Amino acid sequence: MLISMNWISEFTDLNGVDIKELINRFTLSTAEVEDVYEMGKNIKDVVVGKIIEISDHPNSKKLHLVKVDIGTEVVEAVCGAPNIFVGALVPFAKLGGRVGDLEIKEASIAGVVSRGMCCSEKELGISDDHSGVMILEEDYPLGTDIKEFMQLDDIVFEVDNKSLTNRPDLWGHYGIAREIAVLIKRPLKPLERVDSSVYKHLPPIDLKVEDMDKTYRFSCITMENISKNRSPVNMRIRLTYCGMRPINLLADLTNYLMLEMGQPMHAYDNRKVKDIRVRTFSEPFEFLTLDGTYRKIDTNTLMICDTKEPIGIAGIMGGELSSIADDTNSVLLESANFDATSIRKSSVRLGLRTDASARYEKTLDPEMTVPAIERFMKLLMDVDPGVRVTSCLTDSYVKRYKDIVVDFDKAYVDKYTGIDISSDMIEETLTALGFKVNRKGDSFSVGVPSWRATKDVTIKADIVEEITRIYGYDNFNAYSTRSLLTPVRQSAERENEYKIKTMLSYKFDMNEVHSYIWYESKLNKELGIRTEPNVRIINSVTAENDTIRSTMIPSLLGIVYKNVDSYPEIGIYEIGRVVDGLNEDGMCNERKRLGIVLASKRLTEKEVFFKLKEVIEHMTLSIKNVTARFTENSKYKKYNYVHPVNSAEIYLKDREIGYLSVLNPIIRDNIDKKLNVVFAEIDLYDMEKIKPENLEYKEVSKYPGVTVDLSLLVDKDVRYETLRGYIDIYPCKYLSKYYLIDIFEDENLLPGKKSVTIRFEFVSMERTLESNEVQSMVDGLLAELKSRNIELR
Amino acid sequence: MTENLDNIKKQFYEELNSVNSYAELERVRVAYLGKKGLVTEQLKNLRYLTPEEKKTAGMMVNSLKDEIEQAIISYQGTLKEKEYRKEIEGAERYDFTIPTNRELGTLHPITIVQRRIEEIFMTMGFIIEDGLEIQTEYNNFEAVNTPKDHPARDMQDTYYLENGQLLKTHTSAAQNTIMRKYGAPKKGEHLKVLFPGRCFRNENVDASHENTFFQLEGMMIGDDISIANLIYFMKVLLTEVFERDVKIRLRPGFFPFVEPGFELDINCAICGGKGCPTCKNSGWLELLPCGMIHPNVLRMGGIDPEKYTGFAFGLGLTRLAMMKYNIKDIRLFNSGNLKQLKQFTR
């Protein structure tokens, strides 16, 4: 919102005030000033001139030669305006002067020397009227600088609208002036108004508010014999400076009032309006608004009507048919207050946000409607003294806000602020802001002024804000809290998450990525990935991505796909959320999952598989001290990217925490035929349920051990785990550990079999083992294995 | 006798100094200390002397024997040194400018920044909490004092799910759950919690808008928390985060879940507060919203606002990461583009 300092100075004395400092104070105490414009600086040496002679330009049909009397001399200039006439008073820019970006110099225009310029309103920045030169309506001595009667010099500052969201009182200059008066500790002048009670003997307007829900108050009055059509120049300057387009006197006055008091108003051509009904309709219809657009009005949109037809959309925009025309001489003036939410919703539905609706959305003070009418009348009658009032002020006050009184004492303020603000200062600040302060020592009972009572100030904490923002946060003496020293226990979950990330990135060289919580359906389709139905977003702006993911893997495969051309080796992971269906209570079963994908063109698929298995084993060991087990996959075969054979479920103790799988070749070929891809997904919530195993240190033998490598001939389809079962069953006192060295397969040499080489380590805690002792243990073991059809190779 | 010993000694040192290998050294040792060595001979000859002569001569011969033994031992060290010197001098000269090719993995830039900030908070005794991404309307809105008709609840900003839940629009959605989990702090203690999280806004994505982004929110609740504490704390915290002595200022700002609410600005690091295009010539950069937790929010969290006060603040983690790494396009974070992401080694 743009604020004119000239306008403000009508309400509080700004003489001698450092404007820069004031703007800084305003930012810190009230709302952010985003920009400051110095207006009128680019208008220099423009004076009142009288056109005393007009002649044709020798080389142009459009241009004229004019002689302009500027008091001290008569100047010859070239002018192209169609509206000039002999005797017209015009703003004339002298040589050496400036109009906007234009410096006035002697110039040859189409071959004739011009020594100055007649200016249009647009050139002076008064309005956007560029149809001709500005004709001055009043008589001024020739040669008078126009700035002597036009308020062109002004400082205009732009307040961030967002920072006014919760301050309905600041949507007009008078409210801003109230804040500024408090900040500079000067009085706020009252608004000059007409006393409407003078007209109470006149007949009322036939007004009925039929929708009592959406309307708080509707005030109106009628006037006639309006003879003027054009607003005074200084009013037009202010409107333009504050971002509004001057139109005609009545429209301008409604806008002026809105900018001054924050109260939106509407002027109807009283010839077209018989009476007023405020209502909604049971059927939708089309309505022509004054911007010439037909708009669909639904059954929830509040309308202003007369008994025949609607004449305006309440709080948003008036209708075309009842709007002020050039020949309008009688007016019905509306000053109303509507429900903020209803206006906001209607405005959204209509796709029509106006200066009026933007203000109503903020929950305006209904006490303002009548003073606004009275102020309007005062301004109108100043301009056009012949105006006659033809109705009494007709007012339907349907809903009122409750009076708010807040009780508190200084101790509360002290506790909240942490500093000592004196009771006198509290009283002074609140009084200046318009609160009715009732104080007994350090106890306060404070009445909230109506313009702050619609939603803004309701509780003690709100009062604290009023006191502190005027006190100034930069004046606070900030200090630390005093806390007891207590240990803080962090959850293991987060620590583990970071451990996993550090390990995957810095030990296994992977890259952490982030992806979206929904499936990217286009990409999945391209890769042939079928996803299961899951809970959906109902209003996404990207409607194709509306399904929340139930697994991380498709997102990560998408990332592999996007990068495969740049990198032949990819290792990526993400810890993210998925929704595993709905819980019994209908809420999403949100899970935190770790997804990992390894892809390689260099390694074989089997190598990649075991690399990822190693990653998982290291991870669970270092975090839980539990060895992961890999078992037949049944649960995850439903995903078409999971390999039907080479996929395994991952178990920690008895809990299944996820799965590991080779990428199904159907999908692989859509990414890259030569790429070997293996992935895993682990549910971190499930993993967190596993209690970490305590680590027990075992004494190391002082005696040397004996290692024996045995190559065992095993049926091809026997899993290592099975073999381990056989070994573990055999009681072998001194066997301290054994581990796999190699698996050898050769269909020619060993048809149907494979050779599994295992290294066994034997050691005693008490003594050095004799070789025959070890041999007998090995023999025993081999005998055991032989019974399982396993022989030494 | 004395003269004889002196000669032996002189001869020994001459021979020793010309020794170049262990074998030669051993030969010298044998020649002097061996069974038939010169010094051994001298010891044997002692038996021909009178007891008196024996005493002094014995001492002299033994002292020579000790000296020679020591000299040989120390010469062994010299030889060892010579050998090492030779090995080192003959060693292959490695070209240590040859690159290694195992690439260091990377963390996501959000993780790096988030972890750093969490560490700062942990040193100040904050608990780190982790909220859900899918929330109820109550947690996301009502519980943080954003009633039904508030403009923030308009459909276009929030992703609503078909089961009535929504994707959380701000980390504040976790406030209620956290207050209920921990309850009001004991006398003299403070509830200090930091809760980072991923948030969602239903809007179109471009270089400066993402529908998925990270925030980080903190709050501190106790029976004596004041605005003065908030200002102090924010200054300390931001000094740590930005690793410079920041100046802060507070302006009124409206957020439904705080009262009073503030916009916190920090002095612009680019111009040092003098004014530049980055700070729109104001010398200040709007950084974060904060405020005293609204009494309604405390009440809904089961904490009595007559007894307890607290402050809360939010930090745009994604924005912070953009500032730290000078990232211009917000789409990098969720792009999965490894050319970009592989750069974040720390």
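## Two chains, their contact and some local geometry

The centres of domain 1 and domain 2 of chain B, taken over C-alpha atoms, sit 84 Å apart. Domain 1 of chain B covers 2-90 and domain 2 covers 109-341, with bounds that come from an automatic or database domain assignment. This is a predicted model, so local features need pLDDT of at least 70 and side-chain atom pairs count only at pLDDT 80 or more, while totals for chains, interfaces and linings use all residues. Residues are numbered from 1 along each chain as its sequence is written, and chains are lettered from A and ligands numbered from 1 in the order in which they are written.

**Where the chains meet**

On the chain A side, 73 residues are in contact with 66 residues of chain B; contact here means C-beta atoms, placed from the backbone, within 7 Å. Helix α13 (residues 492-507) of chain A gives the most to that side, with seven residues. Helices (H or I, at least four residues) and strands (E, at least two) are DSSP runs, numbered from the N terminus. By type, the side of chain A that touches chain B has 32 nonpolar, 25 polar and 16 charged residues. Nonpolar means Ala, Val, Leu, Ile, Met, Phe, Trp, Tyr, Cys and Pro, charged means Asp, Glu, Lys and Arg, and the others, Gly among them, are polar.

**Helices in chain A**

Which residues of helix α2 (residues 19-29) of chain A are buried? They are A:Arg25, A:Phe26, A:Thr27, A:Leu28 and A:Ser29. Buried takes 20 or more other C-beta atoms within 10 Å of a residue's own, exposed takes 12 or fewer, and partly exposed is in between, with C-beta atoms placed from the backbone. The buried residues of α2(A) pack against β2 (33-39), α4 (173-183) and α12 (460-471) of chain A, along with β6 (248-252) of chain B.

α12(A) also packs with helix α11 (residues 423-432) of chain A, at an angle of about 100° and with axes 10 Å apart. Those axes are lines fitted to C-alpha atoms, for helices over the stretch in contact, and angles run from 0 to 180 degrees between N-to-C directions. So α11(A) is roughly perpendicular to α12(A), a label for angles of 65 to 115 degrees (under 35 is roughly parallel, over 145 roughly antiparallel, the rest oblique). A:Ile426, A:Thr429 and A:Leu430 of α11(A) make the contact with A:Glu466, A:Ile467 and A:Ile470 of α12(A). That set divides into four nonpolar, one polar and one charged.

**Strands in chain A**

Strands pair if DSSP finds at least two bridges between them.

| Strand | Partner | Bridges |
|---|---|---|
| β30(A) (629-632) | β31(A) (642-652) | four |
| β31(A) (642-652) | β32(A) (655-663) | seven |

A:Glu649 of β31(A) stands opposite A:Thr631, and in β32(A) its bridge partner is A:Tyr659. β31(A) and β32(A) form a hairpin with two residues between them, and A:Lys653 in the turn has a positive phi of about 50°.

Most residues other than glycine have a negative phi, and most peptide bonds are trans. A:Asn789 has a positive phi near 70° and lies in the loop between α20 (771-786) and β37 (791-792) of chain A; A:Asn789 is exposed, with 10 other C-beta atoms within 10 Å. In chain B, B:Lys280 has a positive phi of about 50° in the loop between β7 and β8 (284-293). B:Lys280 is partly exposed, with 14 C-beta neighbours inside 10 Å. A cis peptide bond joins B:Glu259 and B:Pro260, with omega about -5°, and B:Pro260 is in strand β7 (residues 258-267) of chain B.

How values were computed: Contact = placed C-beta atoms within 7 Å.
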